[in-house]
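Reader: I would like to learn how to read helix packing and pockets in a model. Could you walk me through it?

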Amino acid sequence: MMKTKKFKLTYDWPIEQGKYLVSNPFSPVGVAVILATPYDKIPKETEDLVRAGLENGAGISGTLQTANIGIEKIAVNLVSNPNIRYLILAGRESGHFPADALKSLFKDGVDDKGYILNTKAPTAILKNIPKEAIERLRQQIQLIDLSGITDINVLEKAVWSCYQENNTPFDTERVKYLLRDIGAFPEEPIIYRLTDKLKS
């Protein structure tokens with residue numbers, strides 16, 4: 001079995017600060033758990049899912065609250081680390097529909113103005129990041145859709161499956177996946193700091 005090729009990061013990662021925990025930058029998987037409440041009232045269920053993602057091998061695990069800046073932060077943090085090839089989306093959908101927006105982004109992309117196509121989310125516009133970062137996200141990352149799922153065991157098995165050497169079946173009621181650590185994305189990382197754009 002050939003050893004999986006990894007990219008050595010020579011800069012601080014993640015690029016953007018946010019509500020997430022960070023572990024091994026060589027991990028092939030990130031976790032985003034939908035947050036349907038204000039940040040100062042994060043439910044234990046949500047915290048437990050975020051923690052479980054990290055403890056089971058995710059390189060980054062955090063919450064997603066909005067269908068705009070929230071998704072932009074995820075995008076810049078993932079495209080700046082070529083080792084991450086999977087994003088697991090978990091947790092209950094909120095009224096802002098960030099899960100629907102993220103799924104639509106991976107499926108259909110954005111229009112010329114940065115609006116995510118075919119989503120129910122009314123505020124789903126990615127206006128602070130370049131189109132190349134959005135396209136890289138869609139090329140580099142496979143979305144694993146556990147939206148609506150809050151079972152920690154299911155999340156743990158999904159994370160575990162992503163870093164196996166051999167193809168590993170992982171099934172949900174909606175989709176059957178074959179997962180393994182496929183190694184780093186073969187292009188240079190895209191380093192783009194949102195904070196610079198938001199300040200200007």
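**Helix pairs and pockets**

Author: Let us begin with a crossing: α1 and α5 cross in a right-handed way. A crossing is right-handed if the near helix is turned clockwise from the far one by less than a right angle, and left-handed if anticlockwise. This is a predicted model, where local features need pLDDT of at least 70, side-chain atom pairs count only at pLDDT 80 or more, and totals for chains, interfaces and linings use all residues. Residues are numbered from 1 along each chain as its sequence is written, and side-chain values use heavy atoms, with hydrogens and water left out.

Reader: At what angle do α1 and α5 pack?

Author: Axes are lines fitted to C-alpha atoms, for helices over the stretch in contact, and angles run from 0 to 180 degrees between N-to-C directions. Here the angle is about 25 degrees, and the axes of α1 and α5 (residues 152-162) lie 9 Å apart. The two helices, α1 and α5, are therefore roughly parallel (angles under 35 degrees count as roughly parallel, 65 to 115 as roughly perpendicular).

Reader: Which residues of α1 and α5 meet?

Author: Contact means heavy atoms within 4.5 Å. D48, L49, A52 and G53 of α1 meet I152, L155, E156 and V159 of α5.

Reader: How do α2 and α4 pack?

Author: For α2 (residues 69-79) and α4 (residues 131-140), the angle is about 65 degrees, with axes 9 Å apart. That makes α2 roughly perpendicular to α4. Their crossing is left-handed. On the α2 side A75, L78 and V79 take part, and they meet A133, R136, L137 and Q140 in α4.

Reader: Now the pockets, please. What is the volume of the largest pocket?

Author: On a 1 Å grid over the protein atoms alone, a pocket is an open set of points where a 1.4 Å probe fits, with protein on both sides within 12 Å along at least five of seven lines; lining residues have an atom within 4 Å of a point. A volume is the space filled by probe spheres set on the points. The largest pocket has about 240 Å³. It is lined by 16 residues, and the closest to its centre are Y20, T63, G70, K73 and I74.

Reader: Which element gives the most to the lining of the largest pocket?

Author: That is α2, with 6 residues.

Reader: And which residues line the second largest pocket?

Author: That pocket, of about 160 Å³, is lined by K19, Y20, L21, I42, E47, V50, R51, G62 and T63. Here α1 gives the most, with 3 residues.

How values were computed. Helix = DSSP H or I, 4+ residues; strand = E, 2+ residues; numbered from the N terminus. Parallel < 35°, antiparallel > 145°, perpendicular 65-115°, else oblique.
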